[in-house]
Amino acid sequence: MHTREALLPDAERIHELICSYSPDGTLLPRSLAEICENVRDFIVLEEAGQIIGCGALHLYGTHLAEIRSITVDRAFQKRGGGELLVQSLMSQAHKHQVSCICLFTRAPQFFAKLGFDVAQREDLPDKINKDCCVCPRYHNCDEVAMVKGELPRFAILPEPANWLVKLQV
Ligand SMILES: CC(C)(COP(=O)(O)OP(=O)(O)OC[C@H]1O[C@@H](n2cnc3c(N)ncnc32)[C@H](O)[C@@H]1OP(=O)(O)O)[C@@H](O)C(=O)NCCC(=O)NCCS
């Protein structure tokens, strides 16, 4: 079992893996178009030439990256694949000199074992601006925010503001 960077021909399988866990809200749904557009964020988990899992790392800046869309095919779970995916994405973040990795999850115990701590989503304004502010569950979010590393001291907000906002830490 090993991980590798995803390539465009992997997009359909990644889509299938994410779709198997999105109807019940475990994973955020991702369209095939969105996966193709962001395929360079993704890694895949392979065994015997077959893709059995995937995960993604979204970069906000050196202050923050987000682990997303982590999943392992049900038939291959509990054999270390999930941990391998998270470790590979953490090592990518390390290469980019990212000081904080965040994620939003309904499986906090899995990530706690890998060294992530529970955080407040308000500590992560980049994420709020990117996803939360357009999420219908904004006011009754049931995902747990988790971080590993130093909480960001600033946020880079998108156009039209295009501001670098310092946070009170
Ligand atoms: C979470 C998930 C990726 C774990 O994959 P996996 O290949 O079974 O994980 P691993 O075998 O690497 O497990 C690593 C450790 O985490 C534990 N673990 C696995 N899934 C867990 C879960 N849902 N909750 C708590 N602990 C979990 C394992 O028992 C193992 O602990 P151990 O080392 O003490 O034995 C997989 O269950 C999955 O795809 N779930 C659906 C999607 C999801 O919930 N993704 C994460 C949220 S974004």
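A residue counts as buried if 20 or more other C-beta atoms lie within 10 Å of its own, as exposed if 12 or fewer do, and as partly exposed in between, with C-beta atoms placed from the backbone. This is a predicted model, so local features need pLDDT of at least 70, side-chain atom pairs count only at pLDDT 80 or more, and totals for chains, interfaces and linings use all residues. Numbering starts from 1 along each chain as its sequence is written.

**Exercise 1.** Work out what share of the protein is buried, and which residues touch the most other members of the largest nonpolar core.

*Solution.* Start with the share: 33% of the 169 residues are buried. Next, the core, meaning a set of buried Ala, Val, Leu, Ile, Met, Phe, Trp, Tyr and Cys residues joined through C-beta atoms within 7 Å. The largest one has 37 residues, and I14, C54, L89, I101 and C102 touch the most other members. Among the elements giving two or more residues to this core are helix 1 (11–19) and strand 3 (50–61). Now zoom in on I14: beyond its neighbours within four places in sequence, I14 contacts A6, I35, F42, V44 and C54 (contact: C-beta atoms, placed from the backbone, within 7 Å).

How values were computed: Helix = DSSP H or I, 4+ residues; strand = E, 2+ residues; numbered from the N terminus. Contact = placed C-beta atoms within 7 Å.
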